[in-house]
Amino acid sequence: MALSALARALGSLSLSASSNMAQGVRPAHLLSQTVKQSTELCRYSSLPCSRLLLTVRKTSFCFGAQQQPWRGILTSAALCQNSTRWKQRTKYTIRPIGKKKTGGRDHTGKIRTHGIGGGHKQRYRMVDFQRLNFEAGKESEFFEEKVMEVRYDPCRSADIALVAGGSRKRWIIATENMQAGDVIKTSRTIGRMAVSANEGDSYPLGALPIGSLINNLEIYPGKGAQYVRAAGTCGVLLRKVNGTAIVQLPSKRQIQVLETCMATVGRVSNVDHNKRIIGKAGRNRWLGIRPSSGLWQRKGGWAGRKIKPIPPMKSYVNLPSAAAAAGTTTS
Amino acid sequence: MSKVIQHGVRSTEPMLLVVQVGNAARSAFGNYSHSRRCDVSGRRFFSVTCALFGRGPPSRIEKKTVDIPGLERVTYADRMHYVPGLAKPVFPDWRRDWHDPHHYRGPKNEEMKLHKANPCYVFNQRTKILEGVRQALWLTKSKLIQGLPEHILSLAEDPANQIEDQGKRVQQAIRHSCFWDTTAIRPKRDRFCPVLLRDLLHLCGTLQLKHTSLSKSILAENYRVAALWNQESDVFQVRGLIGMLLNIMTPLPEVIQSGEVLATENHTLETFCPISPTIDLQSTYVYDQKNDTGFRDGYPYPHAHTLFFIETEDSAAKFKPEQLRAKMIMFAFGNALARAKSLYGEHPQVLEQPVVVQSIATDGRLFQFIVLQLNTTDLGPDTGVKNLIWMDQDQLLYDYAKCRPLIKKKAVTMAKH
């Protein structure tokens with residue numbers, strides 16, 4: 001590819017020198033065209049390419065026409081094997097996207113994470129983690145969607161559900177008892193009374209009753225769900241204290257988030273995921289897990305089961321210190 | 001502790017310290033040393049053979065060029081090569097001075113001549129609508145009746161209208177398409193489906209000897225239909241390149257008389273909240289408002305009789321029976337609406353003489369039949385006279401047609417079962 005770029009660039013050079021002044025030779029426009037093509041080629045790659053700046057002066061009219069601006073040309077092409085273009089799509093689609101496997105390798109080509117490689121081919125389905133995602137121009141207090149199908153997702157342990165509402169369809173993480181034909185609600189109002197939420201509905205934490213099991217928890221309002229997304233997991237809403245809510249995560253750690261953060265009610269689907277038995281080494285290889293190093297190593301203090309106290313409550317709320325202290329002292 | 005020699009370090013930035021971990025851990029983690037994390041992008045390390053730092057690809061932070069009016073930026077444009085310290089020159093946008101079709105960027109939607117303020121929802125030949133027949137019924141403001149109309153069924157049952165040796169000849173048509181067309185054991189759907197349809201149409205054509213009015217028809221392929229209507233403040237269009245259309249000189253007679261047509265006013269259209277009826281339709285702001293039957297004025301066979309749809313895809317792009325029926329309804333409606341608007345004008349009205357269009361769709365084995373009677377072009381409000389659709393769905397022509405060669409005593413026999 002580099003050779004062709006160079007050949008194209010050099011081939012478009014016009015060799016007419018000042019001796020052709022009488023004929024009035026036009027400057028070579030084609031040179032800049034090929035330069036632009038090769039720069040565009042390199043723009044798509046993340047690695048820098050060698051840049052050869054051609055110091056060719058374009059021929060000019062003998063009548064004193066101004067010199068055309070020069071541009072650099074590229075003589076090498078970047079590696080396209082490890083390009084991440086497949087995950088730079090910005091427009092949402094429900095169509096599955098072909099996924100490139102990395103094998104645990106980083107941008108330099110060396111293994112950064114061991115034990116990853118091979119496995120069945122997977123296609124990535126863009127899951128919308130922002131449950132409170134209004135359709136363009138249809139903002140309201142709440143909206144309903146209908147579940148069209150619940151299916152297996154190769155990229156995660158939970159199942160995903162195709163929901164349709166208004167004129168759009170999207171993928172979301174399915175909850176435990178979600179089936180095709182269910183109607184789920186997403187609301188953003190926080191009333192005085194806690195809502196009696198059905199499984200699969202999504203409300204802000206301030207609207208949910210204390211003790212409800214939640215999943216797909218946002219920690220910053222509007223950012224999208226980042227916690228409690230794995231199969232069978234659920235968090236518990238422990239307390240609501242002046243504008244914030246305290247949630248217990250599946251690891252028993254407690255976090256304090258703003259009450260406007262959205263969360264879905266219920267447990268995540270595929271509840272028996274942790275009870276599955278792999279059965280054979282081959283099944284692990286199908287999942288893309290390579291065997292660990294067979295070298296026997298003396299284990300040090302880092303190995304073995306550790307029984308530690310739960311770390312202190314993490315607060316994702318920027319409150320004035322007095323209110324924050326009042327919220328944390330009673331944890 | 002060993003210090004890594006770095007190049008290109010400014011005095012204000014901290015030096016990195018490398019902590020050597022024990023050999024066992026090094027082999028476990030593969031030469032990955034622990035270090036304090038600093039911003040290491042854009043550094044080159046000459047004293048080590050492998051990259052110990054640089055967690056990710058070097059981040060390309062492009063420096064913002066500050067334009068101070070009056071101050072000229074000194075660039076290396078004049079020098080024609082990169083000079084460290086001088087600014088990067090900004091060249092004007094280059095445009096090719098001749099039209100290259102391989103590198104043509106079309107105008108934006110807003111600059112197009114046909115750009116409109118309101119979107120139009122288009123149903124084309126590749127649209128698979130989510131709710132299927134229910135959504136098509138809402139879009140066409142129709143009432144569904146299961147089963148074909150009686151007079152059509154009586155026509156089919158009448159032995160005078162049947163072809164001689166009908167059963168045998170239909171079986172021969174199936175065998176031709178599935179077994180005799182190619183030497184392959186199982187021809188692909190896009191091979192046997194059109195052959196089967198053409199054979200059956202040929203059989204129907206042999207009835208012309210008995211009923212001469214059938215000869216006043218023509219089969220047209222690959223024509224484009226366009227129909228436009230307003231419904232509940234949205235603009236809808238049916239556009240597409242259809243498979244096959246049987247055109248006739250005189251219009252089809254109406255199935256139901258006007259008295260019963262008015263009775264459809266009481267029927268309410270089925271909605272499917274929370275899904276909107278415009279789901280899966282192509283939404284576009286650049287569209288041409290036209291109604292076109294696909295044939296010019298003065299065409300000797302102006303009236304559409306039957307639409308034929310063949311479903312030949314074998315993969316996930318295949319139309320499922322529900323989607324295929326929805327497509328049949330929409331295109332039959334499109335043809336009927338275009339015809340009605342050309343006959344009676346663009347103004348929305350209840351038609352005195354309803355327009356009837358039929359449609360048949362097949363995927364080689366399953367057949368779907370539809371008869372659509374267009375009673376009204378007033379599709380704006382939800383109430384009023386409705387159009388009527390008679391549907392006969394999922395009719396099997398044959399259970400299976402398989403052929404596998406058997407080799408017995410070194411002789412090949414074709415076992416058909």
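Residues are numbered from 1 along each chain as its sequence is written, and chains are lettered from A in the order in which they are written. Because the model is predicted, local features need pLDDT of at least 70 and side-chain atom pairs count only at pLDDT 80 or more, while totals for chains, interfaces and linings use all residues; side-chain values use heavy atoms, with hydrogens and water left out.

A:Arg170 lies in strand β7 (residues 168-173) of chain A and A:Glu145 in strand β5 of chain A, so the pair ties together parts 25 residues apart in sequence; strands here are DSSP runs of E, at least two residues, and helices are runs of H or I, at least four, numbered from the N terminus. Both A:Arg170 and A:Glu145 are buried, where buried means under 20% relative accessible area, exposed over 50%, and partly exposed in between, with a 1.4 Å probe and protein chains only.

In chain B, the side chains of B:Arg134 and B:Glu270 meet in a salt bridge at 2.7 Å, N to O. B:Arg134, at 27% relative accessibility, is partly exposed, and B:Glu270 is partly exposed with 42%.

Finally, which residues touch the most other members of the largest nonpolar core? Among its 50 residues, they are B:Trp229, B:Leu307, B:Phe331 and B:Leu374, a core being a set of buried Ala, Val, Leu, Ile, Met, Phe, Trp, Tyr and Cys residues joined through side-chain atoms within 4.5 Å.

Technical notes: A salt bridge is a side-chain nitrogen of Lys or Arg within 4 Å of a carboxyl oxygen of Asp or Glu.
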